[in-house]
Amino acid sequence: MFGLSTDLNLLLNAALAIVVLIVLITRLRIHPFIALIISSGLLGLFCGMPLSKIVKSFQDGFGGVLGFVGIVLGLGTMLGKMMAESGGADQIAQTLVRAFGKQRVHWAMMIGAFLVGIPLFFEIGFVLLIPLVFIVARRSGVPLLKIGIPMLASLSVMHGLIPPHPGPLLAIGVFGADIGKTIFYGFIVGLPTVIIAGPLFGSFISKYVAIEPSEALLEQLAREPQSKQLPGFVMTLMTVLAPVVLVLLKALADVASPDGSPIRNLMEFIGNPIVALLAALLLSLYTFGTAQGLSRQHVLKLLDRSLAPTAAIVLIIGAGGGFKQMLVNSGVGTAIGQLAVHAHISPLLLAWLVAGLIRIATGSATVATITGAGIVAPLVTMIPGTNRELLVLATGAGSLILSHVNDAGFWLVKEYFNMSVGETFKTWTAMETIISVVAIILIMLLNLVV
């Protein structure tokens, strides 16, 4: 097109498809699920993909996201419903407000999410903690975003920088980095990054963007408990943290047990995020159900009703995955990587830049980390003295930048926090970009002393 190279054509087509998507949603008021399908198809046509591959790519992306996220959202929503109905979420919220005070409760949410996010994927930590965000905001009177942004920042930093999350773990293998040093440096970089992008940015942006969650989700996850007798704090915490414990046990078994051992195989199964979340849900049927005097019939009705409000969210997230896959299969990510490699800059900055551009193009932090690491890895042998552990962190930091309409996480946050597309850009997208920029600055400074 217009005599441009193939790579530049791909970039232009991707930008055009994203513009079309934004116009469909914001100007023409088309439902995001439908708009994502239309934009995905147009992208495939723009890039000259075969018609059969267009449909197949979207299906693969849709199913690939929902194969994990859909199950997690379903189980997490049921667990959240049980926690809300029994008063468990209210118990934790009241305890946090008493312990930290109303003015510092957003710091409590940051710390809690930071710990929960170490072993758990972003989506699992999100569905576990979102009921607490709603309840704490209601109990404390603190703006929802002031509490929600610290939670999102903690989970995002953990997902992008710290093993055993898939992106950093795979980048460690590609670069040949040491996992222990990567985790250590990751915490040095991650904690101040979370503080800046979480409580500090959350306090700032909540003054300019005022939001209210949908009544359906409030009824679902943050309604006033019917029973005056709330579950005990320890019992509630034990139920909510059950997936965290199981995933941590799996991580310990991976380190302590040899490949193929019965214990390791068992923990691989039990510590699978889906199995761990299912175990927590089954435990909640007793701790939040039977132990609180709820009948089996009542619990069954609660679980049955819990899924309805999230049906649209699941479809939108799946369609976002389809759009992402269309970008990947069209070759946009590879084109961006090849263009960035020709820049003569520091390997750390190059890793951040390549991963960032691929993230912007494809919407997937994991894809950006894996692809970026693969593109930059040859430079490790060509440029002696490059810190491999910091390369992992730089790639992970780049993979978090500028989350927008092609990222399933963008739609997850938008729908749960009941924001418009513009508000989601001002809050979630800005927060992700702050994380990425602050992290690479800290990584470059750390490179001066290690």
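**Exercise 1. Classify Lys56 by its accessibility and describe its salt bridge.**

Solution. 
Step 1. Lys56 has a relative accessible area of 46%, so Lys56 is partly exposed. The model is a predicted one.
Step 2. The partner of Lys56 in the salt bridge is Asp60, with 2.9 Å between the closest N and O atoms. Asp60 is likewise partly exposed, at 38% relative accessible area.

**Exercise 2. Find the salt-bridge partner of Glu268 and state where the two residues lie.**

Solution. 
Step 1. Glu268 pairs with Lys250, and their closest N and O atoms are 3.8 Å apart.
Step 2. Glu268 belongs to helix α13 (residues 262-270) and Lys250 to helix α12, so the pair links distant parts of the chain, 18 residues apart.
Step 3. The relative accessibility of Glu268 is 31%, which makes Glu268 partly exposed.

**Exercise 3. Determine whether Arg359 and Asp407 are buried or exposed, and what their salt bridge ties together.**

Solution. 
Step 1. The side chains of Arg359 and Asp407 form a salt bridge with an N to O distance of 3.3 Å.
Step 2. Arg359 sits in helix α18 (residues 347-362), while Asp407 sits in the loop between α21 and α22 (408-416); the bridge therefore ties together parts 48 residues apart in sequence.
Step 3. Arg359 has a relative accessible area of 3% and is buried. Asp407, at 9%, is also buried.
Step 4. Glu432 joins Arg359 and Asp407 in a network of salt bridges. The structure as a whole holds 5 salt bridges.

**Exercise 4. Describe how helix α21 packs against α23 and against α18.**

Solution. 
Step 1. Two values are needed, because a packed pair of helices is described by the angle between the axes and the distance between them.
Step 2. For α21 (residues 388-398) and α23 (residues 421-447), the angle is about 165° and the axes are 8 Å apart. An angle over 145 degrees counts as roughly antiparallel, and α21 and α23 are therefore roughly antiparallel to each other. The crossing of α21 past α23 is left-handed.
Step 3. For α18 and α21, the angle is about 30° and the axes are 7 Å apart. This makes α18 roughly parallel to α21. The crossing of α18 past α21 is right-handed.

**Exercise 5. Identify the residues of the nonpolar surface patch and the elements that give two or more of them.**

Solution. 
Step 1. The patch consists of Phe233, Val234, Leu237, Leu241, Val245, Leu249 and Leu252, which together have about 580 Å² of accessible area.
Step 2. Two elements give two or more residues to the patch: α11 (233-240) and α12 (242-256).
Step 3. Leu252 is one of the patch residues and lies in helix α12. Its relative accessible area is 57%, so Leu252 is exposed.

**Exercise 6. Locate Ser140 and give its distance from Gln94.**

Solution. 
Step 1. Ser140 is in helix α6 (residues 122-140).
Step 2. At 8% relative accessibility, Ser140 is buried.
Step 3. Ser140 and Gln94 are separated by 46 residues in sequence and by 8.5 Å in space, C-alpha to C-alpha.

Definitions and conventions: Residues numbered from 1 in each chain as written. Predicted model: local features only at pLDDT ≥ 70, side-chain atom pairs only at ≥ 80, totals over all residues. Heavy atoms only, no water. Patch = residues over 30% accessible without salt bridge, like charges linked within 9 Å, V, L, I, M, F, W, Y side chains within 5 Å. Areas by Shrake-Rupley, 256 points an atom, 1.4 Å probe, with all protein chains shown as cover. Salt bridge = Lys/Arg side-chain N within 4 Å of Asp/Glu carboxyl O. Helix = DSSP H or I, 4+ residues; strand = E, 2+ residues; numbered from the N terminus. Buried < 20%, exposed > 50% of the residue type's maximum accessible area, 1.4 Å probe, protein only. Axes fitted to C-alpha atoms, helices over the stretch in contact; angles between N-to-C directions. Parallel < 35°, antiparallel > 145°, perpendicular 65-115°, else oblique. Left-handed = near helix turned anticlockwise from the far one by under 90°.
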